[in-house]
Amino acid sequence: MGIQFFNTYSREIEPFEPMNPPRVKMYTCGPTVYNHAHIGNFRAYVFEDLLQRHLEARGFEVERVMNLTDVDDKTIRGSRAAQQPLDAFTQQYKSAFFDDLKTLRIKPASAFPAATDPRFIARMIEMIDTLMQRGFAYQADDKSIYFRLSKFPDYGKLAHLNLDELRPTGRIRNDEYEKESIGDFALWKAWDEADGDVAWDSPWGRGRPGWHIECSAMATALLGPQLDIHCGGVDNIFPHHEAEIAQSECCTGEKFVRYWLHCAHLMVEGQKMAKSLGNFFTLRDLLNKGWTGRELRYALISVNYRLPLNFTFDGLAAARSALQRIDEWARRLADLANLHAGEWSAANSELAIKFANDFLAALDDDLNISAALGHLFESIRESNRLLDQNQLTPADAHELLETWQRINSALAFEPDVAAIPAEVLALVEERKAARAAKDWKKSDEIRDQIAALGWEVKDTKDGQKLSRKQS
RNA sequence: GGCGGGGUAGCCAAGUGGUAAGGCCGAGGUCUGCAAAACCUCUAUUCGCGGGUUCGAUUCCCGCCCCCGCCUCCA
């Protein structure tokens, strides 16, 4: 069985066949940089990262683009409130976003195009112009340009919505009466006072681009008319991704996206995350509480992307415990392998081979991470048992470790490397002497001193082992 | 109202027409100067509820209940 994904468009599991293997063109909707991204946003980005990493583990070359929305109602409002120019205002959140990606071990995309980049503004104008010429767009009395939905009967197919049955929810602005049809969305928004000095010239007057056209313009400019994979949160399905399809296909005449993958929402302690509920968290909030990026990464990645994820602090604690167990296991393997470096003749470890096959096959199946982690922990238990019984050869240990490293290229769960302070090393030496003299009292005192410095020392048959203490 | 996703042990969660992976937590044990780690054992006769199909359903069908999301610029 090859790789297969659930395609939102067909609502079915489909075999994954990119246009030009091994190349994969992937577009992922990025953040609107008007504040710090929250953990719900990062659930989507972590999912996309796992997707990319697994495709790469399977030999694909992924070219991924993630856009940055740095002009829209919220960024403009924010910059005015902060009395900063728009670019200065958004720049701080762009930087913070990149820091957060790093903390969560999310691989950088091949490109992070920003909506305000003159090159892409030009591209957007060009696309809108094409749509105007072909009759897919029109200028309304308010001078804005709108997409003419009546010309694109496929609109609604991705979301499987019947447009005639849409229920008005009050989110439709009443002042858009100039539009031909209530669903027509803005491609170009004519300047108004609230925009301040944020405006670009266009054939239709000064204004700024609509949100949807951004993605269509940047995706097709950087990846071509057709994408293999387009990701985002389920909330983007309608209307954003519908609009992208409409704009792109009416411009290029080609099918825009082959596989649509959407991840479900994150909830917090069983409720929707909202500032008003006091359960709204950014990555920084969690770091300040003593959690690490990889712990959050584990918590976010360990539930299948199509299921709603209930984020809890119990879940983070479970992530911490699971990661420590993985760390300890990998260290035991490394210790055994290193102790006998040079004795690694071809092991053909059945355990390692089965581990790799089972794990990767699980991820092939629409990123079934739960099953994949199940195989990981089964392998851990089995090899730990063999280690306890001195039945694991150094060659097996070496091979298992290599297998783990390959698998971990998709997970990125390795421990943060921390240099052991000289002070701690000195205490360990001192303790070694005390232990040789069976001075248990002194040994325990030094253990406490080491703990006070943030490190944990464990006594094994191969001597003391140090690890960073978790907060 | 429309569309979609869910309800599996204390929590998270995989899964199949043939009798319930895995993780976390908890209890007991082995090991250990102690501690930690690791390992072993135990923890759902049962998979929201009621019917049906079947030799047999958690898995298929019908009905019902509950939760969550989207319904025009929130990942």
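This section describes the predicted model of chain A, from its overall architecture to individual residues.

Chain A has 471 residues, of which 50% are buried. Its C-alpha atoms fill a box of roughly 90 × 50 × 40 Å along the principal axes. The secondary structure amounts to 14 helices and 15 strands. Three domains are given by the domain assignment: domain 1 (11-263), domain 2 (283-411) and domain 3 (422-468). Between the centres of domain 1 and domain 3, taken over C-alpha atoms, the distance is 56 Å. Among contacts in chain A with a separation of 6 or more, 77% involve residues 24 or more positions apart.

In soluble globular proteins, nonpolar side chains tend to be buried together. The largest nonpolar core of the model comprises 80 residues, and the members that touch the most others are Phe42, Leu51, Leu55, Ile229 and Trp404. Helix H9 (residues 313-339) is the element that gives the most to this core, contributing eleven residues. Both domain 1 (11-263) and domain 2 (283-411) are represented in the core, each by at least three residues.

With neighbours within four places in sequence left aside, isoleucine 229 is in contact with Phe5, Phe16, Val24, Lys25, Met26, Tyr27, Leu51, Leu55 and Tyr259.

Two packed helices are described by the angle between their axes and the distance between the axes. For helix H13 (residues 422-436) and helix H14 (residues 440-452), the angle is about 165 degrees and the axes lie 8 Å apart. An angle over 145 degrees counts as roughly antiparallel, and H13 and H14 are therefore roughly antiparallel to each other. Their crossing is left-handed. On the H13 side, the residues that meet H14 are Val424, Leu427, Val428, Glu430, Arg431, Ala434 and Arg435. The facing residues of H14 are Trp440, Lys442, Ser443, Ile446, Arg447, Gln449 and Ile450.

Isoleucine 13 is located in strand E2 (residues 12-15). The relative accessibility of isoleucine 13 is 39%, so this residue counts as partly exposed. Beyond its neighbours within four places in sequence, isoleucine 13 is in contact with Gln4, Phe5, Phe6, Arg306 and Asp366. Phe5 is also a contact of isoleucine 229. Isoleucine 13 and cysteine 231 are separated by 218 residues in sequence and by 15 Å in space, C-alpha to C-alpha.

Lysine 94 belongs to helix H3. Lysine 94 counts as buried because its relative accessibility is 12%, the cut-off for a buried residue being under 20%. When residues up to four places away in sequence are not counted, lysine 94 touches Val33, Leu68, Asp70 and Ala114. From lysine 94 to leucine 222 the separation is 128 residues in sequence and 20 Å in space, C-alpha to C-alpha.

Several backbone features were also identified. Proline 21 and proline 22 are joined by a cis peptide bond, with omega about 5 degrees. Proline 22 is placed in the loop between E2 and strand E3 (23-28). A cis peptide bond also runs from phenylalanine 238 to proline 239, with omega near 0 degrees. Proline 239 lies in helix H6 (residues 237-252).

Positive phi values occur at glutamine 83 and at lysine 143, neither of which is glycine. For glutamine 83, phi is near 55 degrees. Glutamine 83 is situated in the loop between helix H2 (73-81) and helix H3 (86-103), and is exposed, with a relative accessible area of 76%. For lysine 143, phi is near 80 degrees. Lysine 143 is situated in the loop between strand E5 (137-139) and strand E6 (145-147). The relative accessible area of lysine 143 is 51%, so this residue is exposed.

Methods: Residues are numbered from 1 along each chain as its sequence is written. Chains are lettered from A and ligands numbered from 1 in the order in which they are written. This is a predicted model: local features need pLDDT of at least 70, side-chain atom pairs count only at pLDDT 80 or more; totals for chains, interfaces and linings use all residues. Side-chain values use heavy atoms; hydrogens and water are left out. A nonpolar core is a set of buried Ala, Val, Leu, Ile, Met, Phe, Trp, Tyr and Cys residues joined through side-chain atoms within 4.5 Å. Buried means under 20% relative accessible area, exposed over 50%, partly exposed in between (1.4 Å probe, protein chains only). Helices (H or I, at least four residues) and strands (E, at least two) are DSSP runs, numbered from the N terminus. Domain bounds come from an automatic or database domain assignment. Contact means heavy atoms within 4.5 Å. Axes are lines fitted to C-alpha atoms, for helices over the stretch in contact, and angles run from 0 to 180 degrees between N-to-C directions. Angles under 35 degrees count as roughly parallel, over 145 as roughly antiparallel, 65 to 115 as roughly perpendicular and the rest as oblique. A crossing is left-handed if the near helix is turned anticlockwise from the far one by less than a right angle, and right-handed if clockwise.
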